[in-house]
Amino acid sequence: MDNKHCRFCGRKLNHTMVDLGLSPISNEYVTEENLDFGQYYYPLHVMVCDECYLAQVMEYKAPEQIFTDYKYFSSYAKSWLEHCRKYVDMIVGRLSLNEKSMVYEIACNDGYLLQYFKPHGIPVCGIEPAENVAEEARKKGIDVEVMFWGEATAKMISEKRDKADLIIGNNVLAHVPDINSFVEGIRLALKKSGTVTMEFPHLLKLIGLNQFDTIYQEHFSYFSLLTVCRIFEKHGMKIYDVQELDTHGGSLRIYAACLDNEAYAVSESVKRVLDEEREYGLERIETYENFAENVKLIKRNSCKLLIELKEAGYKIAAFGAAAKGNTFLNYCGIGKEYIDFVADSSAAKQGLYLPGTRIPIVSPDRIREEKPDYIILLAWNLKDELSELLAYTREWGCRLITFIPETEVF
């Protein structure tokens, strides 16, 4: 589908949700050797379809260029690992999975989730396009196919390994440019009695809490339950249950099955979330178009605060070299003139530089050495975890800052 038409329904796109200007690929970190070279910037322009209400970023770079050498490893956030462990314990019991079952995870990353099926003795297979992170999953004893998910992949894997009792996709639906091939692949690889669960950031939260920094080139689409129901129904599946989660600033976990699977009736929770979305206005174009004004306000307030702090002589650092942080910094024009460095627990990112701003990424040990007066939490969705991790900075009076959903200094 070209950039002028909806990637799901094909309708011509006429309405802007927000235009964040030009931005580099959010996970395209810069090495020391490449500091003297330029970097490509792409329009970060979200439009919304007035037929199916899919919010979407235009595709300017192929997914093969983004995901084949990936710098994001899921296992570095302890709270996320605990979330996944609880999910596995829950879903094994809910679906009565056993050693005769088959579980697929699309975009399994470094095995952060599938590892928790091993104590249950349940066969699993991960599908992961990035060889470097797939290798980390293999080290955990997880079988991984290195490829992108779609109809062809689904046919190949289900013929090779049988169809799945459970297909999992956590924070991958947004990363898919060809949404129809992706969801059709799920249908093809799922047993008639099977279930698919998918987690994704909730568009209602993105708009309501001003989470514009979750918009970046890797996230091709932004979903409401209203739109996801339409997508799955087009491909012969129904969403029969949904749970609202706190992860990533507010996410949904959907449960879907084949339309003719009478074992699962549509729950009241699905109807409740759909009603909430309609009441908020997610079937009205003006709701999306009004979002842009809140984003501009955050930019002005953020720059104002940082200018005041720097003019007062304070030292400012950041924590979490997250993709969302790169969107925020590049859109707001916040660079090394404000932030000395960004600390990150991932060894794979340390020694690199943020895309666009070229702020150096260092070990968290640097915080104790430099003793900054303020630390910006770029991964604001991990605010509680990071606040606990950085509690020692109170020794010298350091304060923490978040800018989403609004400016907070604490």
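Guide: An angle between two axes counts as roughly parallel under 35 degrees, roughly antiparallel over 145, roughly perpendicular from 65 to 115, and oblique for the rest. Axes are lines fitted to C-alpha atoms, for helices over the stretch in contact, and angles run from 0 to 180 degrees between N-to-C directions. Helices (H or I, at least four residues) and strands (E, at least two) are DSSP runs, numbered from the N terminus. This is a predicted model, in which local features need pLDDT of at least 70 and side-chain atom pairs count only at pLDDT 80 or more, while totals for chains, interfaces and linings use all residues. Residues are numbered from 1 along each chain as its sequence is written, and side-chain values use heavy atoms, with hydrogens and water left out.

Visitor: At what angle do helix 7 and helix 8 pack?

Guide: Two packed helices are described by the angle between their axes and the distance between the axes. Helix 7 (residues 225-234) and helix 8 (residues 268-280) pack at about 125 degrees, their axes 9 Å apart. Helix 7 and helix 8 are therefore oblique to each other. In their contact (heavy atoms within 4.5 Å), Leu225, Leu226 and Cys229 of helix 7 meet Val270, Val273, Leu274, Glu277 and Arg278 of helix 8. By class, these residues are six nonpolar, no polar and two charged; Ala, Val, Leu, Ile, Met, Phe, Trp, Tyr, Cys and Pro count as nonpolar, Asp, Glu, Lys and Arg as charged, and the others, Gly among them, as polar.

Visitor: How do helix 4 and helix 5 cross?

Guide: The axes of helix 4 (residues 151-161) and helix 5 (residues 179-189) come within 7 Å and cross at roughly 20 degrees. Helix 4 and helix 5 are therefore roughly parallel to each other. On the helix 4 side, Glu151, Ala154, Lys155 and Ser158 make the contact, and they meet Ser181, Glu184, Gly185, Leu188 and Ala189 in helix 5. That contact has three nonpolar, three polar and three charged residues.

Visitor: Is Ser101 buried or exposed?

Guide: Buried means under 20% relative accessible area, exposed over 50%, and partly exposed in between (1.4 Å probe, protein chains only). Ser101 has a relative accessible area of 8% and is buried. Ser101 is placed in the loop between helix 2 (78-94) and strand 4 (103-106). Leaving aside residues up to four places away in sequence, Ser101 touches Ile122, Pro123 and Asp165.

Visitor: Which residue other than glycine has a positive phi?

Guide: One of them is His248, with phi near 55 degrees. His248 lies in the loop between strand 10 (237-245) and strand 11 (251-258) and counts as partly exposed at 22% relative accessibility. Ala107, also not a glycine, has a positive phi of about 65 degrees. Ala107 is in the loop between strand 4 and strand 5 (124-127) and is partly exposed, with a relative accessible area of 21%.

Visitor: Where does Pro405 lie?

Guide: Pro405 lies in the loop between strand 16 (399-402) and strand 17 (408-409). A cis peptide bond, with omega about 5 degrees, joins Ile404 and Pro405.

Visitor: How many helices and strands does the protein chain have?

Guide: The protein chain has twelve helices and 17 strands. Of its 410 residues, 58% count as buried. Along its principal axes, the C-alpha trace spans about 65 × 50 × 40 Å.
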